[in-house]
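Here is a short report for a first look at this complex. Keep the sequence and the 3D view open while you read.

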Amino acid sequence: MTTKEKSWKEASPAGVCWKSSATYLTGDWKTFRPERDVTKCTKCLICTIFCPDGAIHWKVEKDDIEFDMSFCKGCGICANECPTKAIVMKM
Amino acid sequence: MKSVVKQEIQGLNGDEAVALAAKQCDVDVVASYPITPQTIIVEKFAEYVANGEVETEYVCTESEHSAMAACLAASATGARVFTASASAGLALMHEMLFVTSGCRAPVVMAIANRALSAPLNIHGDHSDAMAERDSGWIQVYCENAQEVYDSVIQAFRIAEHLDVQLPVMVCLDGFTVSHTLENTQVLPDDTVKRFVGTRQFPVVLTHEGKTVPFKLDPENPMTMGPMALPNYYFEFKRQQEEAMRNALEVIPQVHDEYAEMSGRRYGEGLLEQYALEDAEVAIVCLGSTAGTVKTVVDDLRAEGVKAGLLRIRTYRPFPAEAIVKALDNVKAAAVMERSMSFGGRGGAVFHEVRNALYDTAARPFTVNYIHGLGGRDTNPSQIRMIYNDLQKIMHSKRVDDPVRFVGLRE
Amino acid sequence: MSEISEGKFTAKNVAEKPELFLSGHRACAGCAPATVLRLIMKATRGPTIVTEATGCMEVASTIYPYTSWATPWLHTAFETAGANASGIEAALKILKKKGRIKNEQVDVVAFAGDGGTYDIGIQALSGAVERGHDFLFVLYDNEAYMNTGIQRSGGTPYGASTTTSQAGKAVPGKLEQKKPIADIMVAHDMPYVATASPNYWKDLITKARKGIEVNGPAFLHVFAPCPRGWRSDPSKSIELSRLAVETCVFPLWEAVNGEYQLSIPSKVIALAPKKKKPVREYLQVQGRFRHLFTPQNEKMIEEIQRLTDEKWQRLLKKCGLTQPKAAAGSGNSSGER
């Protein structure tokens, strides 16, 4: 830990959380990473629904999905559930 | 200097006094479970609800554990919360008491002190609340229905004070106070309402980076009650301790303000001293026993004995400094205790009083008298015997056994 | 958007809704309860206060100072999800009445796992439902006390090996059956009870929304595979939640004011019994049932099939859809699909 932790006088009482977990990157947990074959992907968005970590986003502006590797834990659910087998888990 | 408010006298027992005080304090939520000898409190409050005399959500939970959880959750949502329990019910809440103080929820709870099982006993002693002295709750012990009424009202101000933010337990002896009818001076509704005001909230830093009032509010979401690992937990407990230390100042402040308004005071709010200024022998006790002791002190004084009484009103936070000062001239003191710490060489109050006196230059001889367990009455002649023992100790300068029992068939 | 409670939405609608259960939580890779929570939060309709019992999802999502919750959130203890919800709901009601907070609809959702629902939490849940508080209670059922180390719960199924109902030389795992918690809740005469499974995400979100919209208490029992505790492949958690329905181990239904109604994924099987898969297919991909596939314990697989079929028949009867027993596809290894 390089940042100095708050003393008892500084910390907000009753343990109210003051950091969003969106700043806690779990991406380094993974052993396997999903790779998508865009030619097979039909953008059904099933992967975005099933991801336990919400690490696959539907980007409206790109009209495409995007994998967020900083959170993906490499569980492989997306690959297993993809109806067109467009996702493959690679080491 | 404001004048004392005109008050009405009502015939109330301790439980009724609690219910009336809570009614007048604009309580938002009451979540409770009945247990003797607190039942009159919850029943009376239910009567108020049924007759539309209060604007309160009254939740009859299915156990005391759930009652405290619901109270905590309601408090966390921003409500002013009140409940009551006793004995086994308080014991059942044990886990939640720590969670409530840890979450800094200003819940006010009346405890009609009653013995813990086994064997089952529904009568008055302090074992229930004593067992919770480490729970982070402020504890006030009252002598009579009047004091109970006054203390419940003050409790909301103490609990919700921004420097405190701790739950408060107002204790009244089971049956002796809870069920005994007394003339009780009652303040007008609007006076009480003005005194307690509306609940104020401290501000906290949330995960959105905002510093906002501490409550569950969809406008300013926050997470309450997370898991704090070893590198974080300790600091929150220190915060609670600081709040307790602040309470030592806040309680007398609130007490003084209330005294001005009502014309009644109980010492400075922490201790009540009776004939203690030049006392050589003194009894230290909590609750209604003090009433009986006072009559014995009067008799002894008339006989020329320099007897006095120290009634500890606020037990948590423990007013060590004030106690030491109060017992300054005393040569021998007896802590009359209505609970036991088995295997502990005396009860909790005895330990803490002795602990406070340990660092003083002239320590009085201090002994412990366990009495009144399971609602057993302690009469004036037994108390007189204690003062006789104290005089013997004072003259012989010896204590043969520091822990004794009064009223026990030995 | 009451179209949600009618099932009128697409995956895109769901994907476009903001996440209220944020990434960065510390759940295991492949944790189905995490998916369940994400989806249920997508079913919310406006200001929502969440309360949770101690358990995997609570601990994984709120390790101080981090939180994965974008809504107000409260945890107090293990037993107390139902009591918390009661307190929050009561406070909201009275504070609105007294004009201390905005007069708007704020929904209360309680999450709890096995412990917080079946066992240590059942009293508070039952009390809250009996008192009629307006809230949705969601059980994410991973069939054991996972957070404390995979110990058996009232929701652990017959034959499963857990750390406190181990499959050993003398005893082959848990011998008691899974407590029928959803049926117990129906017996409370409550407005809405339903079972759901994350594989059928649309059904799940629809039911969650229905529960939120209903005036009064609602209970949602969600099947949520745990790869760690079940010794299953993390990538197969959703697939397992599909198999459970296809084998009728975990049928999907709703009870609106006590009237049972089979949900489509299970209705499909009721109407075409050949579609019912043998439980063996479900059991063989989970390490917690591995001990059943030994000569000594093989009979238990038959017993599980029998129990599953019996419960399935009872459910069909409640839904007004009885079937001749012969057609209810049992451990038929003819390979028919």
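## Two domains in chain B

In this predicted model, the centres of domain 1 and domain 2 of chain B lie 27 Å apart, taken over C-alpha atoms. Domain 1 is made of two stretches, 8-201 and 228-262. Domain 2 covers 271-405.

Domain 1 of chain B gives 28 residues to the contact, and domain 2 of chain B gives 21. On the domain 1 side, four elements each supply at least two residues: helix H6 (127-130), strand S6 (138-141), strand S7 (168-173) and helix H9 (233-262) of chain B. H9(B) has the largest share, with 5 residues. By class, this side of domain 1 of chain B holds 14 nonpolar, 9 polar and 5 charged residues.

## Chain B as a whole

Chain B has 13 helices and 18 strands. Its C-alpha trace spans about 70 × 55 × 50 Å along the principal axes. How does the radius of gyration of chain B fit a compact globule? A compact globule of 410 residues would have a value near 22 Å; chain B has 21 Å, so the two agree.

Of the 410 residues of chain B, 56% count as buried. Now take the contacts in chain B with a separation of 6 or more. Residues 24 or more positions apart account for 79% of them.

## Where chain C meets chain B

The contact between these chains takes 40 residues from chain C and 39 residues from chain B. On the chain C side, the elements that give two or more residues are strand S1 (48-52), strand S3 (73-75), helix H4 (81-97) and helix H6 (122-130). Which of them gives the largest share? H4(C) does, with 12 residues. The chain C side divides into 21 nonpolar, 14 polar and 5 charged residues.

Strand S11 (residues 223-224) of chain B runs parallel to S3(C), and 2 bridges join them. B:Thr223 has C:Trp73 as its bridge partner in S3(C).

## A sheet built from two chains

The pairing of S11(B) with S3(C) belongs to an open sheet of 9 strands. The order is S11(B)-S3(C)-S1(C)-S4(C)-S5(C)-S7(C)-S6(C)-S8(C)-S9(C), and the pairing is mixed. What are the edge strands? They are S11 of chain B and strand S9 (259-262) of chain C, each of which pairs on one side only.

S3(C) pairs with S1(C) in the parallel sense, over 3 bridges. Here C:Val50 stands opposite C:Trp73. C:Trp73 is also the bridge partner of B:Thr223.

## Strand S5 of chain C

Within the sheet order, S5(C) sits between S4(C) and S7(C). Strand S4 (residues 107-112) of chain C pairs with S5(C) in the parallel sense over 4 bridges. S5(C) also runs parallel to strand S7 (residues 218-223) of chain C, joined by 6 bridges. C:Phe111 stands opposite C:Val138, and C:Val138 stands opposite C:Leu220 in S7(C).

Is S5(C) buried or exposed? Strand S5 (residues 136-141) is mostly covered, with 6 of its 6 residues buried. Both faces are covered. C:Leu136, C:Val138 and C:Tyr140 are buried on one side. C:Phe137, C:Leu139 and C:Asp141 are buried on the other.

## Where chain A meets chain C

Chain C also touches chain A. This contact takes 34 residues from chain A and 31 residues from chain C. Strand S1 (19-20), helix H1 (46-50) and helix H2 (77-81) of chain A each supply at least two residues of the chain A side. That side divides into 19 nonpolar, 10 polar and 5 charged residues.

S1(A) runs parallel to strand S2 (residues 66-67) of chain C, with 2 bridges between them. A:Ser20 has C:Thr67 as its bridge partner in S2(C).

## Confidence

The predictor gives the complex an ipTM of 0.96 and a pTM of 0.96. Chain C averages a pLDDT of 95, and 95% of its residues score at least 70.

One stretch of chain C calls for care. Over residues 331-337 of chain C, pLDDT stays under 50. The model has 7 contacts beyond four places in sequence for this stretch. Where pLDDT is low, the predicted coordinates should not be read in detail.

Methods:
Residues numbered from 1 in each chain as written. Chains lettered and ligands numbered in written order. Predicted model: local features only at pLDDT ≥ 70, side-chain atom pairs only at ≥ 80, totals over all residues. Buried ≥ 20, exposed ≤ 12 C-beta atoms within 10 Å, placed from the backbone. Pairing = 2+ DSSP bridges. Contact = placed C-beta atoms within 7 Å. Nonpolar A, V, L, I, M, F, W, Y, C, P; charged D, E, K, R; others polar. pLDDT = per-residue confidence, 0-100. Rg over C-alpha atoms; globule rule 2.2 N^0.38 Å. Domains from an automatic or database assignment.
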